[in-house]
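Subject: Structure for your files

Hello,

Here is the structure I promised to pass on. My notes on it follow below.

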Amino acid sequence: MGISINRWTEEIAISGIRQFFNLLADYPDAVGLTVGQPDFATPEAVKEAGMRAIQANQTGYSHNAGLMELRLAIQSFFKDIHGLTYSAANEIIATNGSSEGLDSIFRTILEEGDEVIIPAPAYPGYAPLIRLSGAKAVYLDTSDTDFQPDPERLEALITDKTKAVLMNFPSNPTGVTLDETTLQQLADVLNRHEVFIVSDEVYSENSFDDQHRSFARFAHLRDRMFIVHGLSKSHAMTGWRLGFVLGPAWVMQHVLKVHQYNATCASLPSQHAAIEALTTQRHVPATMNEAYIERRDFVYRKLTAMGLDVVLPTGAFYIFPSIKKFGLSSAEFAERLLKEGGVGAVPGSAFTEYGEGFLRISYAYSLPVLEEGMKRMEKFIQTVS
Ligand SMILES: Cc1ncc(COP(=O)(O)O)c(C=O)c1O
């Protein structure tokens with residue numbers, strides 16, 4: 001074909017998670033522990049608010065940044081829950097899921113040749129979006145530091161090309177949250193370098209130990225930092241596609257332009273549902289967390305009993321055991337676990353090369369499903385040991 005497509009689009013690939021999903025479809029009897037979404041239904045009151053909006057013909061466009069009522073609800077939520085102050089008028093944009101929020105931010109700040117540093121293993125959604133902006137992801141290896149980013153390593157990676165540092169805690173795929181000392185030290189490093197901070201906090205409501213810790217609490221970082229969040233995980237609303245971006249007004253006016261032209265606005269019925277989620281349904285994440293903690297404890301106990309090295313997750317709903325001792329690549333291990341053991345889990349290599357030697361197990365499943373999955377995995381491991 002003499003005609004070519006965009007070279008960055010040509011270069012990026014379908015995510016490893018998706019590839020594994022496709023393989024899973026060929027094994028209908030397998031216990032799949034792969035999904036990245038809550039197994040709970042969207043809360044009734046939220047569904048009703050969405051339905052009411054449709055019935056009242058709230059089905060058109062809204063302000064590009066989202067309904068003012070929604071932005072005020074987001075503003076109050078961040079003030080009350082996270083102690084952070086962002087203005088509904090010019091520092092908050094409702095997006096089509098946090099995915100679109102990330103894309104709009106990247107396309108606002110990145111240029112060809114720029115680099116974005118990301119602690120890895122990392123969510124596979126970032127690098128392709130960064131690439132589509134002509135920039136490049138540079139990874140900070142956390143695989144040998146219990147998935148806490150080492151501040152000195154971060155500082156060593158920062159160069160003239162570094163435009164942003166992306167943080168995702170609680171983390172997909174490792175489930176870890178930042179400990180207080182690491183957070184402080186990372187903030188000190190970031191204070192010394194004029195780079196943007198993109199903080200993907202889509203799992204912040206799913207922090208198990210204590211209050212979620214955000215970089216946004218450091219006043220000296222606020223002016224060049226974005227918080228990316230949404231209701232997909234906190235309120236079991238993945239299909240409603242409702243996310244939000246918070247950031248300083250001077251740059252949010254530019255993010256709004258990108259968002260205006262690529263999305264116009266977030267889905268209006270979903271915006272009405274989101275208002276309900278953020279006002280009357282604030283208790284929902286805590287209820288889900290009770291279930292996640294019980295499941296995490298169960299899976300952690302089982303994996304440890306199988307002799308696997310595992311970092312105890314403190315957030316999200318993933319656990320990331322090491323499978324290095326079996327001498328197989330994580331892709332081989334995951335494929336054999338599926339074909340011979342009847343369990344689907346995502347190979348760590350889907351989360352950058354720093355995930356090699358690990359396996360991502362999602363525990364966003366009921367206990368009986370997890371019990372069956374762990375039973376099968378234990379049996380399989382005996383055959384590969
Ligand atoms: C770390 C992380 N960020 C962003 C997303 C995207 O979520 P959404 O676009 O549904 O808000 C996901 C989804 O799995 C995720 O795990």
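Helix α3 passes helix α12 in a right-handed crossing (right-handed if the near helix is turned clockwise from the far one by less than a right angle, left-handed if anticlockwise). This is a predicted model, in which local features need pLDDT of at least 70 and side-chain atom pairs count only at pLDDT 80 or more, while totals for chains, interfaces and linings use all residues. Residues are numbered from 1 along each chain as its sequence is written, and side-chain values use heavy atoms, with hydrogens and water left out.

α3 covers residues 44–55 and α12 residues 268–279; they pack at an angle of about 145°, and their axes are 8 Å apart. Axes are lines fitted to C-alpha atoms, for helices over the stretch in contact, and angles run from 0 to 180 degrees between N-to-C directions. Helices (H or I, at least four residues) and strands (E, at least two) are DSSP runs, numbered from the N terminus.

From α3, the contact (heavy atoms within 4.5 Å) takes in A45, V46, A49, G50, R52, A53 and I54; from α12 it takes in P269, H272, A273, E276 and A277. Sorted by class, 8 of the contact residues are nonpolar, 2 polar and 2 charged. Here Ala, Val, Leu, Ile, Met, Phe, Trp, Tyr, Cys and Pro count as nonpolar, Asp, Glu, Lys and Arg as charged, and the others, Gly among them, as polar.

Next, strand β5 (residues 162–167): 5 of its 6 residues are buried, so the strand is largely enclosed by the rest of the structure. Buried means under 20% relative accessible area, exposed over 50%, and partly exposed in between (1.4 Å probe, protein chains only). β5 runs parallel to strand β3 (residues 115–120), joined to it by 3 bridges; E115 has T162 of β5 as its bridge partner. Two strands pair if DSSP finds at least two bridges between them. β5 also pairs in the parallel sense with strand β6 (residues 196–200), over 4 bridges, and L166 stands opposite V198 in β6.

There is also an open sheet of 3 strands, in the order β9-β12-β11, with antiparallel pairing. β9 (318–319) and β11 (346–347) are at the edges with a single partner strand each, so one side of each has no neighbour in the sheet. β9 pairs with β12 (residues 359–362) over 2 bridges, and Y318 stands opposite S362.

Lastly, A305 is found in helix α13 (residues 284–305) and is exposed, at 66% relative accessible area.

Regards
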